[in-house]
Amino acid sequence: MNTILLGFAIIVSGSIGYFISIALVTTSFYKNRANNYLSLSLFLLTSLTLFGWFDIEDTVLEFLNNPVLEYLFGVTLFTYFLIQIQHKYLKESWYKWLYLPFICSLIIETILYLDTIFNFYNSDFVDLQFHIMDNASFVYNVFLIFWGRKLIKGSHTISEDKKSWLLRLNLFIICIIICWLLSTIEFYVFDSEYATSFLWILLSFLLWWVLYYGVFKLQIIVQKDEIHQYLVSKKTHNTQAKKKIRETTVSKIITSLYILMEEEELYKNPLLSRLDLANRLGTSEGYLSQIINQEINKSVIQFVNEYRIEAAKNLLHDPVFNKYSIEAIGMEAGFKSKSAFYSAFKKSLGMSPGAFRKLQKTS
């Protein structure tokens, strides 16, 4: 493996990591309490990656190297998980004691660092102290990460999308810990560093993944949940007014279909299929399609998307939701992806959701 190229990749990823960390606490779109802790976690992980790859011995940065940052990384990431799932542990008085190992390691590391100047202790004692702290930090991080995973799985206060993202991030951290363990074993048993190089690559990839998928996508999910909670709290149903069924329409299926759309807002389920609708109405897919086509002169997807588009139009028109992204509004309206939302909206209104929002602001 070309160490120069690997070093360059790690520097670039490190720069991305620091950029994300700063953006999370300075950009209004991302800024919130949970992201403050995620920002600190990414900052620490980026620093551990750079400090671990590049030689920082005999420099002031050596003071910040393992295991001090490792103790702080685990607890800040655990706090991030607790905030995201709104767990009651955050209000417990004992919770703050989770930071005690970091404080103790900081004090010990300060004493040991001063010893390099005054030579108070035997070097063998210093090495032993370092190994004990390093191994203890590993065990502490493993404990917090798996504890966090258990709490996320058992949470009933968040959406499935958010839970899936948090579990995915947690799993990635577990993979890093496993690689961390393997690299340590390899170094002491085989006196090589192939696993160590892979660890730095994995850490670098995590930073890119968080930037590309994690930070932005999770924020969209958070915004979507906020929109939904606001609508529920206000007990508003931002859909079109109930359609009057023609007097000649006596079909119980069509009547029930309107009830599912307008009262249960079934269209907000992004995974809603023709089979799901047919099952709810107690009929077959083919017969449902035939009835909708004959009575409403539309396909099933056109019928469902009309409700979604109308819901999105109402949200885009309301100034209360101006702070939310268009993608989050599309998700709340029931569209599975940004592309599906843009395509259906433009096909229906002849303009993009962004253009529609701007038009409403100027009118």
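Leu-144 touches Gly-74, Val-75, Phe-78 and Leu-98, leaving aside residues up to four places away in sequence; a contact means heavy atoms within 4.5 Å. The model is predicted: local features need pLDDT of at least 70, side-chain atom pairs count only at pLDDT 80 or more, and totals for chains, interfaces and linings use all residues. Residues are numbered from 1 along each chain as its sequence is written, and side-chain values use heavy atoms, with hydrogens and water left out.

- Leu-144 lies in helix H5; helices (H or I, at least four residues) and strands (E, at least two) are DSSP runs, numbered from the N terminus.
- Leu-144 has a relative accessible area of 1%, so this residue is buried; buried means under 20% relative accessible area, exposed over 50%, and partly exposed in between, with a 1.4 Å probe and protein chains only.
- Thr-76 is 68 residues from Leu-144 along the chain, and their C-alpha atoms are separated by 9.9 Å.

**Aromatic rings**

- A pair of aromatic rings is described by the distance of the centres and the angle of the planes.
- The whole structure holds 16 aromatic pairs; rings of Phe, Tyr and Trp (its six-membered ring) pair if their centres lie within 6.5 Å, and planes under 30 degrees apart count as stacked, over 60 as edge-to-face and the rest as tilted.
- Tyr-89 and Trp-147 form a tilted pair, because their ring centres are 5.6 Å apart and their planes stand at 55°.
- This pair links distant parts of the chain, 58 residues apart: Tyr-89 is in the loop between helix H3 (68-84) and helix H4 (100-118), and Trp-147 is in helix H5 (residues 123-153).
- Trp-94 and Trp-147 make a stacked pair, with 6.1 Å centre to centre and 15° between the planes.
- Trp-94 is in the loop between H3 and H4, 53 residues from Trp-147 in helix H5, and this pair too links distant parts of the chain.
- Trp-147 counts as buried because its relative accessibility is 19%, whereas Trp-94, at 33%, counts as partly exposed.
- One aromatic cluster is formed by Phe-78, Tyr-89, Trp-94, Phe-143 and Trp-147.
- Arg-308 lies over the face of Phe-335, 5.9 Å from the ring centre; a charge sits over a ring if NZ of Lys or CZ of Arg is within 6 Å of the ring centre and within 35 degrees of the ring normal.

- Helix H3 has 17 residues and should span 24 Å at 1.5 Å a residue; its end C-alpha atoms are 25 Å apart, which agrees. The expected span of a helix is 1.5 Å times one less than its number of residues.
- H3 is mostly covered, with 17 of its 17 residues buried.
- Helix H12 (residues 326-333) is also mostly covered, with eight of its eight residues buried. Among them are Ile-326, Glu-327 and Met-331.
- Gly-334 follows H12 and has a positive phi, near 115°.

- Most residues other than glycine have a negative phi, and most peptide bonds are trans.
- Gln-86 is not a glycine, yet its phi is positive, at about 55°. Gln-86 is placed in the loop between H3 and H4.
- Glu-265, also a residue other than glycine, has a positive phi near 50°.
- Glu-265 is in the loop between helix H8 (252-262) and helix H9 (274-281), and counts as buried because its relative accessibility is 13%.

**The whole chain**

- The protein chain has 14 helices and zero strands.
- Of the 363 residues in the protein chain, 47% are buried.
- Among contacts in the protein chain with a separation of 6 or more, 70% come from residues 24 or more positions apart.
- The protein chain exposes about 20000 Å², of which carbon and sulfur atoms supply 61%; accessible areas come from the Shrake-Rupley method with a 1.4 Å probe, and for residues only the protein chains shown count as cover.

**Confidence**

- The average pLDDT of the protein chain is 77, and 71% of the residues score at least 70; pLDDT is the predictor's confidence in each residue, from 0 to 100.
- Among the elements of the protein chain, helix H11 (residues 300-317) has the highest mean pLDDT (91) and helix H7 (residues 194-234) the lowest (67).
- Over residues 236-250 the pLDDT stays under 50, and the model has 28 contacts beyond four places in sequence for them.
- Where pLDDT is low, the predicted coordinates should not be read in detail.
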